[in-house]
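Notes follow in the order I looked things up.

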Amino acid sequence: MYQLQQEAQRPKRITCPHEMESRPKYYGREFYGMISREYADELLAGAEGAYLIRESQRQPGTHTLALRFGHQTLNYRLFYDGKHFVGEKRFESVHDLVTDALITLYIETKAAEYIAKMTTNPIYEHLGYTSLIKDKMVHRLSRVRTEPRRVTFQRDERISSPLVQRGALKDTPEKQCFYEKIHNFKVHTFRGPHWCEYCANFMWGLIAQGVRCSDCGLNVHKQCSKLVPSDCQPDLRRIKKVFSCDLTTLVKAHNTTRPMVVDMCIREIELRGMKSEGLYRVSGFSEHVEDVRLSFDRDGDKADISASAYADINIIAGALKLYLRDLPIPVITFDLYSKFIQAAKLPIAESRLEAIHESLLQLPPAHYETLRYLMAHLKRVTQFEKDNLMTSENLGIVYGPTLMQPPEQNALTTLNDMRQQKLVVQLMIEHEDVLF
Ligand SMILES: [Zn+2]
Ligand SMILES: [Zn+2]
């Protein structure tokens, strides 16, 4: 296929002998003004790769690229907005555009059948980038999560005494993450020849030859990108920030079960802040909270959040809330938001819990694990209520809008849902032992 690209016809510019007054300044002498389709055809006849630009007779003011390929003249509506384009790809010059068009046309004609078959036998599974990039730790990412327990909520039983007793809370400190993550593909222009890491074929064209995952750097054809499994293993070097980074992306990059910010802040708070009055309600000095954010972004899990760095525990509590609030997708994801709100609106306590439990099971695994860990922590916070004066209701008020944000932000929904947001969090804290 690389060979084919080399064989492709080079562009031949057919220039107009007269200076055209109507010539836009971004076109050169290949501009012929308003000539007929037939005349253009005559001018190009016989020379493969020959091209010119004409003004459309049917729609004056619009331009057409006439290009000779496969013994016929192809006509494309040509656009300019600082760059030249006829389709998705944008070019600096018409010459580049034609070069790319000729390569694409040539390869797609010559190798049509081959391209159609290209993806049916990908190298990805048996060779794949897992073995191409050996130094990278890449797990086969089957969806493994702590098997969620089925819970029966019975009317006559006290809600807080579940039929199935769960074992002691495991913090699963061992490093592991089997979460699925989709790749974050963006159109990419490769310098020099590149081959697709999914189908192993050459990526043809001059620009925008394929897509690259901005989290792990996987390079594939655009058509192949739809077939690549959701097994992105983000590369720490590509993840610029800790805050405002997608939750699943961050845990996969750090190879942890939960975002390390959550673990580190909670550990620090449990160490020295559980009795602090107004924990999570009292704000830390915002410049210091911002400071913590910067040091996480800069130093990752080496960030120093100890008492010697920040004596006031409210700064750490504030940083944890900020981290959760700034997630691009909240812990309770946008698409499950209304399910949780509806659940909280149910009149009967048992069905309310049942509906919340159902919704929890649909969360992405990394989000579920984060929420589970956070709720167990908040439950412990309420056990020090005598000192910190924080009830599950207080915490619900604080954490409701932090963990849940409506997909479409508007003042009215936010106001209307506040009661339910609070209730969802309050219930998750009070019944964390049955719900998770
Ligand atoms: Zn990726
Ligand atoms: Zn491919």
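**Ground rules.** Helices (H or I, at least four residues) and strands (E, at least two) are DSSP runs, numbered from the N terminus. This is a predicted model, and local features need pLDDT of at least 70, side-chain atom pairs count only at pLDDT 80 or more, and totals for chains, interfaces and linings use all residues. Residues are numbered from 1 along each chain as its sequence is written, chains are lettered from A and ligands numbered from 1 in the order in which they are written, and side-chain values use heavy atoms, with hydrogens and water left out.

**Entry 1: glutamate 55.** I started with glutamate 55, which sits in strand E2. Is it buried or exposed? Its relative accessibility is 12%, so it counts as buried (buried is under 20% relative accessible area, exposed over 50%, partly exposed in between, with a 1.4 Å probe and protein chains only). Next I listed its contacts (heavy atoms within 4.5 Å). Leaving out neighbours within four places in sequence, glutamate 55 is in contact with Ser22, Phe31, Gly33, Met34, Ile35, Pro60, Gly61, Thr62 and His63. I checked phenylalanine 31 separately: it is 24 residues from glutamate 55 in sequence, and the C-alpha atoms are 8.2 Å apart. I also looked for polar contacts (N or O atoms within 3.5 Å; within protein, one must be able to donate a hydrogen and the other to accept it, and residues adjacent in sequence count only if both atoms are side-chain atoms). A polar atom of the glutamate 55 side chain lies 2.8 Å from the backbone nitrogen of glycine 61.

**Entry 2: threonine 62.** I moved on to threonine 62, in the loop between strand E2 (50-55) and strand E3 (63-69). Threonine 62 counts as buried, at 14% relative accessibility. What does its side chain reach? A polar atom there is 2.7 Å from the backbone oxygen of glutamine 59. Not counting residues up to four places away in sequence, threonine 62 touches Arg54, Glu55, Ser56 and Arg77.

**Entry 3: the sheets.** For pairing I used the rule that two strands pair if DSSP finds at least two bridges between them. E2 belongs to an open sheet of 5 strands, in the order E1-E2-E3-E4-E5, with mixed pairing. Strand E1 (12-13) and strand E5 (84-85) are at its edges, each pairing on one side only. E1 and E2 run parallel and are joined by 2 bridges; arginine 13 stands opposite tyrosine 51 in E2.

The other open sheet I noted has 3 strands in the order E6-E7-E8, paired antiparallel. Strand E6 (185-188) and strand E8 (219-220) each have a single partner strand, so one side of each is left without a neighbour in the sheet. Strand E7 (residues 210-213) is joined to E8 by 2 bridges, and valine 211 has valine 220 in E8 as its bridge partner.

- Histidine 71 is not a glycine, yet its phi is positive, about 60°. It lies in the loop between E3 and strand E4 (72-80) and counts as exposed, at 67% relative accessibility.
- Alanine 208 has a positive phi near 45°. It is in the loop between E6 and E7 and counts as buried, at 18% relative accessibility.

**Entry 4: the cores.** A nonpolar core here is a set of buried Ala, Val, Leu, Ile, Met, Phe, Trp, Tyr and Cys residues joined through side-chain atoms within 4.5 Å. The largest one has 71 residues, and Tyr280, Phe296 and Met428 have the most contacts inside it. Helix H10 (residues 313-325) gives this core its largest share, 9 residues. At least three residues come from each of domain 3 (239-325) and domain 4 (334-435), with bounds from an automatic or database domain assignment. Apart from this core lies another, of 42 residues, among them Ile107, Ala111, Met203 and Leu218.

**Entry 5: helix H8.** Buried residues in H8 include Met260, Val261 and Cys265. Their cover includes helix H7 (247-254), helix H9 (286-299), H10 and helix H13 (365-382).

**Entry 6: totals.** The chain comes to 17 helices and 8 strands, and 51% of its 436 residues are buried.
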